[in-house]
Number of protein chains: 6
Amino acid sequence: MEITVSRQAQFNAAHRLHNPDWSEEKNRDVFGKCNNPSYHGHNYKLIVSVTGMIDPETGYVIDMKILKQLIKEHVEDKFDHRNLNLDTAEFANLNPTAENIAVVIWKALRRHIDSALHLKITLYETERNFVEYAGK
Amino acid sequence: MEITVSRQAQFNAAHRLHNPDWSEEKNRDVFGKCNNPSYHGHNYKLIVSVTGMIDPETGYVIDMKILKQLIKEHVEDKFDHRNLNLDTAEFANLNPTAENIAVVIWKALRRHIDSALHLKITLYETERNFVEYAGK
Amino acid sequence: MEITVSRQAQFNAAHRLHNPDWSEEKNRDVFGKCNNPSYHGHNYKLIVSVTGMIDPETGYVIDMKILKQLIKEHVEDKFDHRNLNLDTAEFANLNPTAENIAVVIWKALRRHIDSALHLKITLYETERNFVEYAGK
Amino acid sequence: MEITVSRQAQFNAAHRLHNPDWSEEKNRDVFGKCNNPSYHGHNYKLIVSVTGMIDPETGYVIDMKILKQLIKEHVEDKFDHRNLNLDTAEFANLNPTAENIAVVIWKALRRHIDSALHLKITLYETERNFVEYAGK
Amino acid sequence: MEITVSRQAQFNAAHRLHNPDWSEEKNRDVFGKCNNPSYHGHNYKLIVSVTGMIDPETGYVIDMKILKQLIKEHVEDKFDHRNLNLDTAEFANLNPTAENIAVVIWKALRRHIDSALHLKITLYETERNFVEYAGK
Amino acid sequence: MEITVSRQAQFNAAHRLHNPDWSEEKNRDVFGKCNNPSYHGHNYKLIVSVTGMIDPETGYVIDMKILKQLIKEHVEDKFDHRNLNLDTAEFANLNPTAENIAVVIWKALRRHIDSALHLKITLYETERNFVEYAGK
């Protein structure tokens with residue numbers, strides 16, 4: 001029996017959308033107020049979803065305590081209360097859009113989760129904007 | 001890398017469920033209090049989800065400002081603070097169930113979104129009742 | 001020991017804001033799209049709050065089952081799936097703004113709740129607009 | 001046109017995670033504070049999702065009133081205000097993890113829903129932990 | 001300048017409403033399904049609100065990290081994943097209604113918070129039922 | 001009849017907690033990760049509450065369209081997608097704690113709202129941390 005289990009977390013970060021290959025004018029045109037050079041920020045809400053078979057001994061797909069710890073180590077400790085552009089290696093050369101942040105988180109968690117399990121990331125930048133990535 | 005981006009919006013409308021081919025009695029039996037001839041209403045919460053490849057130049061699947069504007073023009077401006085049965089061409093001859101409203105919104109947005117992108121509509125009629133339509 | 005207990009409920013209704021003493025033009029100017037003659041609607045979220053002493057025998061201020069039943073009888077059965085302007089005596093001659101609906105609900109419940117208890121109504125017209133009335 | 005309709009419900013229950021084939025020590029190691037012999041509890045939030053064609057006569061996939069009644073009979077009346085381990089036949093010999101509860105609810109509803117319709121269960125144990133099961 | 005700061009937390013517990021001075025029959029009549037002898041449970045959502053002057057050096061009324069730690073020590077560590085009736089001294093002889101739990105939490109925190117600061121507790125037993133206590 | 005009407009809004013900003021009169025070490029000790037020199041950020045949720053008499057002609061305390069516009073001009077246009085420390089005059093010499101932001105917003109709105117009306121600000125820094133200020 002295949003089932004999906006999900007764990008929600010949160011981190012608060014500053015960022016700025018910017019493409020260094022473009023002129024300042026084009027950056028402002030495309031990214032609007034998200035291009036503010038002094039940065040702005042968000043409470044990012046993260047949902048990590050893992051799909052696999054239920055272990056008949058535990059009744060678990062994956063122990064939520066382990067999943068919570070993986071999210072803490074590989075997402076919260078890296079990104080919470082950070083400036084994504086300035087403080088992280090991941091976004092030194094990658095535009096920190098919600099799409100790219102979701103892909104970075106997926107890759108960071110993928111290597112620590114049993115390859116028999118499917119992994120999906122949902123990331124809310126605001127209550128009204130969110131993205132989903134499942135590694136395809 | 002295929003990713004889904006979603007934008008949430010809201011509109012407040014009156015409606016009545018009714019099948020003109022049925023007797024008043026059958027309408028009351030099937031639709032219950034939703035058949036009230038004087039109408040009732042809802043705060044419809046809408047989530048528009050678009051799936052596609054991330055553009056490496058912008059880091060976007062679709063610019064959320066553009067998606068927000070499409071929702072405003074083709075959904076909110078048409079349906080917000082309207083009586084769906086009386087004030088709209090779409091539901092003059094179509095029963096405005098949550099299912100049918102979702103299909104109508106999907107069709108209205110589909111023609112304005114790049115055909116390479118997949119489109120899905122989620123519509124909450126109340127916090128406890130919602131529907132999803134992806135054009136299949 | 002004085003404590004406040006609250007119960008949440010919901011009803012879905014149609015309404016129109018309109019002052020019959022004004023011209024159509026002034027009504028449109030003041031009430032905007034809320035003046036639509038065909039009505040629009042909302043999911044009204046209601047919170048009923050009762051303040052008083054804890055009964056040492058039950059540990060209750062008021063039995064929530066009784067409060068739930070009072071809300072059902074005097075609010076939901078009257079207003080749910082109704083057109084407030086057309087279907088209710090309360091708003092036949094009273095503009096159904098959130099403010100006036102809260103006052104009407106407060107008066108309807110006040111007579112059924114022990115006068116030693118304080119009563120307050122919170123009414124959400126949308127997630128972003130709400131009012132509070134405590135009988136002062 | 002294939003569409004998914006969902007209905008949300010809730011039930012409040014006590015439970016304890018425990019594997020009778022293991023030592024007390026191993027149970028504490030694996031299940032941590034969820035193994036407390038005196039039980040703890042949750043407000044379980046349930047979303048039942050049904051996928052199928054829209055009936056052109058009603059505009060419904062399934063009448064929400066019927067779905068609501070099925071959830072009441074086969075989930076709420078059985079599990080609400082119960083101790084899952086002590087008071088239910090379903091979990092007398094099955095560990096009541098969120099995963100197993102979702103599978104049990106899926107099976108309980110599956111036999112009462114037209115086999116042409118697809119069924120999926122989403123179960124929130126807390127705001128931050130939830131599972132999804134679709135019968136695969 | 002007087003301001004109120006609030007911190008939200010959560011704990012999951014089992015409980016049973018019961019008055020040992022009453023017959024089993026009266027207990028069932030008054031407390032209904034909340035009287036189930038095998039217990040049921042809830043995700044209790046707690047909001048702790050502290051009112052006082054802003055410290056001009058820090059810009060804080062109270063350091064949220066300290067408030068978070070006080071809630072952990074005096075509420076979560078005591079009540080989370082516990083059976084309130086069986087596992088806690090506080091409710092060995094006190095009926096664990098939401099009202100009484102709020103008063104117990106208020107008293108537990110009051111002695112650890114500067115007496116110049118006002119303290120208020122809000123406790124949600126479910127999304128639809130909640131209580132507030134401010135020590136009066 | 002005195003009633004309170006509230007309007008919710010949101011803005012996304014970067015900030016850093018820092019007291020320039022203190023050493024770097026003391027700043028890190030007191031403000032922890034909120035002192036990060038590269039800034040972090042939040043989705044601030046704002047509720048503006050206005051209390052007064054219902055105007056019998058409109059049924060309004062204050063026209064929500066006007067309140068929404070005041071919030072846009074005096075809060076959102078100033079703070080949304082800004083770095084509070086770097087981009088705003090208000091926080092050039094004031095530590096942007098949630099407490100201080102609430103007071104600044106209260107003062108900004110107070111001068112544009114009829115002095116017969118009472119004004120209160122609620123500001124959520126995260127879902128779990130929020131403050132309230134009413135000008136006392």
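## Fold of one chain

The secondary structure of chain A amounts to 4 helices and 5 strands. From the N terminus on, these elements follow the order β-α-β-α-β-α-α-β-β. The C-alpha trace of chain A spans about 60 × 25 × 25 Å along its principal axes.

This is a predicted model.

## How the copies are related

Two copies of a chain are related by a rotation about an axis and a shift along it.

Now take chain C and chain B. Here the turn is 180°, again given with a shift of 0.0 Å along the axis and an RMSD of 0.0 Å. The two copies are thus related as by a two-fold rotation axis. The same surface serves both copies, since 100% of the contact residues of chain C recur in chain B.

## The interface of chain C and chain E

The contact involves 20 residues of chain C and 20 residues of chain E. The size of an interface is often given as the accessible area lost when the parts come together. For chain C and chain E the buried area is about 1,800 Å², and 49% of it lies on carbon and sulfur atoms.

Two elements of chain C give two or more residues each to the side that touches chain E: β1 (2–15) and α2 (64–79). β1(C) gives the most, with 8 residues. By class, this side of chain C has 10 nonpolar, 5 polar and 5 charged residues.

Strand β5 of chain E (residues 129–133) is joined to β1(C) by 5 bridges, and the strands run antiparallel. Within β5(E), E:Asn129 stands opposite C:Arg7.

## The interface of chain C and chain B

At the interface of chain C and chain B, the contact takes 23 residues from each of the two chains. The area buried between them is about 1,700 Å². Carbon and sulfur atoms give 45% of that area.

How many salt bridges does the rule find across the interface of chain C and chain B? There are 2. C:Asp80 forms a salt bridge with B:Lys33, and the closest N and O atoms are 2.6 Å apart. Polar contacts between chain C and chain B come to 19 residue pairs, both residues at pLDDT 80 or more.

The side of chain C that touches chain B draws two or more residues from each of β1, β2 (40–53), β3 (82–83) and α3 (84–87). Of these elements, β2(C) gives the most, with 5 residues. The residues of this side divide into 5 nonpolar, 11 polar and 7 charged.

Some chains in the model have no contact. Chain C and chain D do not touch, and their nearest C-alpha atoms are 14 Å apart. Chain B and chain F are likewise without contact. Their closest C-alpha atoms lie 14 Å apart.

Key:
Residues numbered from 1 in each chain as written. Chains lettered and ligands numbered in written order. Predicted model: local features only at pLDDT ≥ 70, side-chain atom pairs only at ≥ 80, totals over all residues. Heavy atoms only, no water. Least-squares fit on C-alpha atoms with pLDDT ≥ 70 in both. Contact = heavy atoms within 4.5 Å. Buried area = accessible area lost by both parts, 1.4 Å probe. Nonpolar A, V, L, I, M, F, W, Y, C, P; charged D, E, K, R; others polar. Pairing = 2+ DSSP bridges. Salt bridge = Lys/Arg side-chain N within 4 Å of Asp/Glu carboxyl O. Polar contact = N/O pair within 3.5 Å; in protein donor to acceptor, adjacent residues only side chain to side chain.
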